[in-house]
Amino acid sequence: MKNNLSIRDIAKLSGVSVSTVSRVLNNNGRYSEATKEKVLKIAKENGYRPNSLARNLRKQASTFIGIIVPDISNEFFAKIVKDCEQLLFSIGYLAIVCNTERNPELEKRYIEKLSNHMVAGFIIISTNATTIRNLNLTLPIVYIDRTPNLGENSISVSSDNYLGGKIATKYLIRSNADPYMFITKTIKQSTTEDRISGFKDVLIKENIEGNRIFSLNTTSDCVFSDLREIRKYLDTLIEKRKKIGIFAINDKVAAAILKVAISKKIKIPEELSIIGFDDISISKTAAMPITTISQNTSSISSQAVNALFECLNKNIQISRKIVIPIELIKRATA
């Protein structure tokens with residue numbers, strides 16, 4: 001017989017169930033002495049070796065937390081992962097970090113694997129909503145940044161993206177700028193939609209009409225293959241001969257707009273004001289420091305870990321949405 005015998009093989013040879021074999025080999029549960037002797041004899045004769053790694057993972061599942069992240073190279077996500085790892089360690093948990101590369105199928109496979117007795121719960125960052133809806137998960141989960149519409153039994157932690165959109169737009173209007181918004185075609189998520197809604201609602205209140213949202217082609221992480229599209233849009237706006245204000249969907253888009261504006265010798269902020277979103281390093285290291293809406297990653301992480309810890313200790317998940325305050329950081333571009 002093969003020396004890498006599985007529990008199923010032993011069950012078949014012994015004439016008992018897989019669960020009974022598992023209880024015997026782990027010395028856990030009720031079974032007769034005769035069954036025990038038969039199972040152990042077959043295991044020994046065939047050189048059965050238990051998978052110690054799998055067994056230890058099952059025993060220690062309560063100390064592992066799965067962190068699912070769409071892109072670990074993304075600065076905003078990386079900060080949250082780092083903070084969550086440290087916070088979890090401080091309260092006795094270890095993180096298993098899985099980078100999905102924004103691939104829904106990979107996200108699904110990671111979650112399925114970790115759900116199988118390996119982790120006690122999940123922190124899922126910017127999830128693919130369809131993936132989660134199809135998995136029927138029972139473990140405690142806290143969602144960060146993007147929340148799937150699951151109805152009851154879900155906890156989410158995110159910045160106040162809607163208010164951030166409103167604050168940025170109001171600031172541009174108060175500085176006598178004609179407000180526009182630059183978004184990306186590739187990013188379709190609740191956080192993006194909230195920022196757009198905040199922008200639109202301010203325009204409605206101020207009776208500002210017309211098409212004021214420009215959609216850019218870019219990668220999922222806002223890397224531009226070229227800047228011709230931005231150049232074309234800026235040419236159209238600057239022709240209006242009035243001060244223009246642009247609210248960019250994130251700091252990378254804001255930095256790209258700034259680069260084009262400087263190359264065209266547009267005066268900033270006298271002729272063009274730019275406000276980004278996130279407050280990542282590029283907002284401080286661009287050609288000019290970028291005015292932006294800051295997300296508090298430390299608060300996001302601590303609230304997420306606290307909510308998950310509460311679920312694990314009380315063995316119950318109470319649905320709630322935790323909204324983290326944002327802040328306008330005034331710099332050179334607006």
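Lys205 sits in helix H9, which spans residues 190–205; helices (H or I, at least four residues) and strands (E, at least two) are DSSP runs numbered from the N terminus. Lys205 has a relative accessible area of 67% and therefore counts as exposed. The classes are buried for under 20% relative accessible area, exposed for over 50%, and partly exposed in between, with a 1.4 Å probe and protein chains only. The areas themselves come from the Shrake-Rupley method, in which only the protein chains shown count as cover for residues.

The model is a predicted one, in which local features need pLDDT of at least 70 and side-chain atom pairs count only at pLDDT 80 or more, while totals for chains, interfaces and linings use all residues. Residues are numbered from 1 along each chain as its sequence is written, and side-chain values use heavy atoms, with hydrogens and water left out.

Lys205 belongs to a surface patch of positive charge together with Lys170, Arg174 and Lys330. Patches are made of residues with over 30% relative accessible area and no salt bridge, with like charges joined within 9 Å and nonpolar side chains (Val, Leu, Ile, Met, Phe, Trp, Tyr) within 5 Å. Lys and Arg count as positive and Asp and Glu as negative, whereas His and the chain ends are not counted. The place of a charge is taken as NZ of Lys, CZ of Arg, CG of Asp or CD of Glu.

## Aromatic pairs

A pair of aromatic rings is described by the distance of the centres and the angle of the planes. Here rings of Phe, Tyr and Trp (its six-membered ring) pair if their centres lie within 6.5 Å; planes under 30 degrees apart count as stacked, over 60 as edge-to-face and the rest as tilted. This rule gives 7 aromatic pairs. One of them joins Tyr93 and Phe309 edge-to-face, at 6.3 Å centre to centre and 85 degrees between the planes. Tyr93 is in the loop between helix H5 (75–90) and strand E2 (94–99), and Phe309 is in helix H13 (residues 297–314), so this pair links distant parts of the chain, 216 residues apart. Tyr93 is buried at 12% relative accessible area, while Phe309 is partly exposed at 33%.

Phe214 and Tyr233 make a tilted pair, with 4.6 Å between the centres and 50 degrees between the planes. Because Phe214 lies in strand E7 (residues 213–216) and Tyr233 in helix H10 (residues 228–238), the pair ties together parts 19 residues apart in sequence. Phe214 is buried, with 12% relative accessibility, and Tyr233 is buried as well, with 15%.

## Salt bridges

Side chains of opposite charge can pair when their charged atoms come close. The whole structure holds 8 salt bridges, each a side-chain nitrogen of Lys or Arg within 4 Å of a carboxyl oxygen of Asp or Glu. Lys41 and Glu45 form one, with their closest N and O atoms 2.5 Å apart. Both residues lie in helix H3 (residues 33–45), 4 residues apart, which is about one turn of the helix. Lys41 and Glu45 are both exposed.

Asp178 and Arg212 also meet in a salt bridge, at 2.9 Å from N to O. Asp178 is in strand E6 (residues 178–184) and Arg212 in the loop between H9 and E7, so the bridge ties together parts 34 residues apart in sequence. Asp178 is buried at 12% relative accessibility, and Arg212 is buried at 11%. A further bridge, between Asp279 and Arg331, has an N to O distance of 2.9 Å. Asp279 is in the loop between strand E9 (272–278) and helix H12 (282–285), and Arg331 is in the segment after strand E12 (326–329), 52 residues apart. Asp279 is buried at 13%, whereas Arg331 is partly exposed at 21%. Lys284 joins Asp279 and Arg331 in a network of salt bridges.

## Two buried positions

Asp71 lies in the loop between strand E1 (64–69) and H5 and is buried, with 10% relative accessibility. Its C-alpha atom is 9.4 Å from that of Ile125, a residue 54 positions apart along the chain.

Val81 is in helix H5 and is buried, with a relative accessible area of 4%. Val81 and Ile67 are 14 residues apart in sequence, and their C-alpha atoms are 7.4 Å apart in space.

Note on methods:
Areas by Shrake-Rupley, 256 points an atom, 1.4 Å probe, with all protein chains shown as cover.
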